[in-house]
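Please look through the model below with its helices in mind, and then follow the explanation from one part of the chain to the next.

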Amino acid sequence: MTYLEFEKPLAEIEGKAEELRALARQNEEMDVEKEAAALDKKAEGMLRDLYKDLSPWRKCQVARHPDRPHCKDYIDQLFTEFTPLAGDRNFADDHAVMGGLARLGDKPVMVIGHEKGHDTASRIERNFGMARPEGYRKAIRLMDMAARFGLPVVALIDTPGAYPGKGAEERGQSEAIARSTEKCLQIGVPLVSVIIGEGGSGGAVAFATGDRVAMLEHSVYSVISPEGCASILWKDAEKMREAAEALRLTAQDLKKLGVIDRIVKEPMGGAQRDKQAAIASVGSEISLMLAELEGKKPAELIKARRKKFLDMGSKGLSA
C-alpha cells in the first residue's frame with residue numbers, strides 16, 4: 001500500500017498491526033490477534049475520519065494515487081472480447097490512448113481511454129497518460145467507426161492534460177484536441193464519459209464532451225492543475241492548496257455547477273483500497289447511462305448533446 005502524505009498517521013497504525021501479525025507468523029505460540037484487531041478498528045475509524053470531508057487539494061492527491069485502477073484495469077474487468085485498434089493512419093500510434101471494440105455485457109461498444117501505466121516502464125511507454133496529437137486523431141477515427149456501425153462510445157478519462165512537448169505542438173496538438181471535441185458533438189450514437197482519476201484541461205474535454213458525464217467521488221476535473229494555476233496567478237506553485245479551492249475541481253462542486261451529471265461512489269479510502277469494487281461501481285453506472293440513451297435517434301442525441309454543452313455555466317458559481 002502506498003500512503004499519501006495526509007495518510008501518514010494511518011500508515012503507522014496499519015503498519016503496527018501488520019508487524020504484530022508478522023511476528024505471530026514467525027512464532028505460532030504468540031497470540032496477537034486481539035491487539036491487532038484493536039489496531040484495525042482504530043485504523044478503520046481514522047480512515048473514515050480522513051476521508052469524511054477531503055479538501056480539494058487532498059482530492060487531487062487521491063485522484064493521482066499511483067495505485068488507483070487505470071483504464072486498462074477497467075477494460076480488463078468490465079469488458080469482454082476487447083479488440084484493440086491502433087494508430088491514427090497518419091503519423092503513429094499513441095500508447096497514452098487505448099481504444100477498441102468490446103462488449104459490455106451483451107452490448108457491443110467502442111471504448112476509448114487514457115492509460116497512465118502501472119510501473120516505471122509502462123508509465124514511460126504510456127507517457128504518463130498525456131496524449132499527443134496522434135492519440136486524439138486515433139480517438140476521432142474510432143468515434144467515426146462507432147458512428148458508422150451504430151455502436152455506443154464509452155470514454156474513460158485519466159490524464160494530467162495533453163502532452164505539451166515541442167513535437168506535439170508541431171504536429172497540431174490544439175487542432176487535434178479541438179477536432180476530437182468537435183467529433184464528440186457530431187456523432188449520432190450515445191457517448192458516455194467517466195473521469196476515473198484526473199481530468200486535466202482540453203486533454204480531458206476531448207473525450208468528455210458526452211451525453212452523460214460521470215466522475216468518481218475523489219477524481220478531479222479542471223482547466224488547469226492546481227500547481228499550474230498557482231504558478232500563473234501567484235507566481236508560486238506552493239499556493240496549490242488555495243488554487244485547488246478556487247478552481248472548483250471536485251466532483252461535488254462540478255455536479256452543483258452542472259458540468260457533470262453524476263458522481264460514482266468510491267470505496268472507503270478511495271478506489272485504490274478496493275479496485276474491484278470501484279471498477280464494478282463504474283461498470284454499473286456506465287450501464288445505467290447507456291440504458292438512459294438507448295433507442296434515441298441520432299439527430300435527437302446530437303441536438304441534446306449540443307444543448308447540454310451550450311447551456312453549461314448557466315447555473316453560475318453561486319450554485
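Helices (H or I, at least four residues) and strands (E, at least two) are taken as DSSP runs and numbered from the N terminus, while axes are lines fitted to C-alpha atoms, for helices over the stretch in contact, with angles from 0 to 180 degrees between N-to-C directions. The model is a predicted one, in which local features need pLDDT of at least 70 and side-chain atom pairs count only at pLDDT 80 or more, whereas totals for chains, interfaces and linings use all residues. Residues are numbered from 1 along each chain as its sequence is written, and side-chain values use heavy atoms, with hydrogens and water left out.

The axes of helix 1 (residues 8–26) and helix 2 (residues 33–52) come within 9 Å and cross at roughly 160°. That angle makes helix 1 roughly antiparallel to helix 2, given that angles under 35 degrees count as roughly parallel, over 145 as roughly antiparallel, 65 to 115 as roughly perpendicular and the rest as oblique. On the side of helix 1, the contact (heavy atoms within 4.5 Å) is made by P9, L10, I13, E14, K16, A17, L20 and R21, and on the side of helix 2 the residues include A36, L39, A43, M46, L47 and L50. By class, this contact of helix 1 with helix 2 has 12 nonpolar, no polar and 7 charged residues, where Ala, Val, Leu, Ile, Met, Phe, Trp, Tyr, Cys and Pro count as nonpolar, Asp, Glu, Lys and Arg as charged, and the others, Gly among them, as polar.

Aromatic rings come next. Rings of Phe, Tyr and Trp (its six-membered ring) pair if their centres lie within 6.5 Å, with planes under 30 degrees apart counted as stacked, over 60 as edge-to-face and the rest as tilted; by this rule the count comes to 2 aromatic pairs. The rings of F6 and Y51 have centres 5.9 Å apart and planes at 55°, so this pair is tilted. The pair links distant parts of the chain, as F6 lies in the segment before helix 1 and Y51 in helix 2, 45 residues apart. F6 is buried at a relative accessible area of 8%, and Y51 is likewise buried at 6%, buried meaning under 20% relative accessible area, exposed over 50% and partly exposed in between (1.4 Å probe, protein chains only).

Helix 3 (residues 56–63) is mostly covered, with 7 of its 8 residues buried, namely P56, W57, K59, C60, Q61, V62 and A63. What covers these buried residues of helix 3 includes helix 2, strand 5 (191–200), strand 7 (220–222), helix 10 (226–233), helix 11 (240–247) and helix 12 (251–256).

Two elements of that cover also meet each other: the axes of helix 10 and helix 11 come within 8 Å and cross at roughly 105°, and helix 10 and helix 11 are therefore roughly perpendicular. Their contact is made by P226, E227, C229 and A230 of helix 10 and by M240, A243, A244 and L247 of helix 11. By class, the contact has 7 nonpolar, no polar and 1 charged residues.

Most residues other than glycine have a negative phi. R89, however, has a positive phi of about 60° although it is not a glycine; R89 lies in the loop between strand 1 (80–84) and strand 2 (97–104) and is exposed, at 73% relative accessibility. S201, in helix 9 (residues 201–208), has a positive phi near 60° and is partly exposed, at 29% relative accessibility.
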